[in-house]
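Me: Please pick one part of this model and take a close look at it for me. I'd enjoy a connected account of how its side chains sit and what they pair with, starting from a single residue.

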Amino acid sequence: MKVTIYYCTGCRWLLRAGWYAQELLQTFGESLEEVALAPSHGGRFEIRLDQEILWERVRDGGFPEIKALKRLVRDHLDPERDLGHVDRDHE
């Protein structure tokens, strides 16, 4: 599976997109084929897993907390996987 993070270059969201990519690779590196950063414009910030939109800034009200993003990705890749402290903080 491939994660693509579209980010607005004019809004200077590259660092945020890069941080999300790094966190996803650290957590799911063995399970993902690729995490790609895709420059965009017009305030776009969107995270897709293959072709499914996991998060869209306007639709979902801002940027995801990293814990929420990891849970979304986990729920698609391996719903039974324990994310350690990410899951325990949620309880």
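Reply: Thr-27 is buried, with a relative accessible area of 18%; buried means under 20%, exposed over 50% and partly exposed in between, using a 1.4 Å probe and protein chains only. This is a predicted model, in which local features need pLDDT of at least 70 and side-chain atom pairs count only at pLDDT 80 or more, while totals for chains, interfaces and linings use all residues. Residues are numbered from 1 along each chain as its sequence is written, and side-chain values use heavy atoms, with hydrogens and water left out.

Thr-27 belongs to helix H1, residues 14-28; helices are DSSP runs (H or I) of at least four residues and strands (E) of at least two, numbered from the N terminus. Beyond its neighbours within four places in sequence, Thr-27 is in contact (heavy atoms within 4.5 Å) with Lys-70, Arg-81 and Leu-83.

Now to the aromatic rings, where you'll find five pairs. Rings of Phe, Tyr and Trp (its six-membered ring) pair if their centres lie within 6.5 Å; planes under 30 degrees apart are stacked, over 60 edge-to-face and the rest tilted. One of the pairs joins Trp-13 and Phe-45 edge-to-face, at 6.1 Å centre to centre and 85° between the planes. Trp-13 sits in the loop between strand S1 (2-8) and H1, and Phe-45 in strand S3 (residues 45-49), so this pair ties together parts 32 residues apart in sequence. Both partners are buried: Trp-13 has a relative accessible area of 16% and Phe-45 of 0%.

Trp-13 also pairs edge-to-face with Phe-63, at 5.1 Å centre to centre and 80° between the planes. Phe-63 lies in the loop between helix H2 (57-60) and helix H3 (66-77), so the pair with Trp-13 links parts 50 residues apart in sequence. Phe-63 is partly exposed, at 24%. Trp-13, Phe-45 and Phe-63 share one aromatic cluster with Trp-19 and Tyr-20.

Arg-16 lies over the face of Phe-63, 3.8 Å from the ring centre; a charge counts as over a ring if NZ of Lys or CZ of Arg is within 6 Å of the centre and within 35 degrees of the ring normal. Arg-44 is placed over the face of Tyr-6, at 3.8 Å from the ring centre.

Finally, the cysteines: Cys-8 is buried at 3%, whereas Cys-11 is partly exposed at 33%. The whole structure has zero disulfides (pairs of cysteine sulfur atoms within 2.5 Å).
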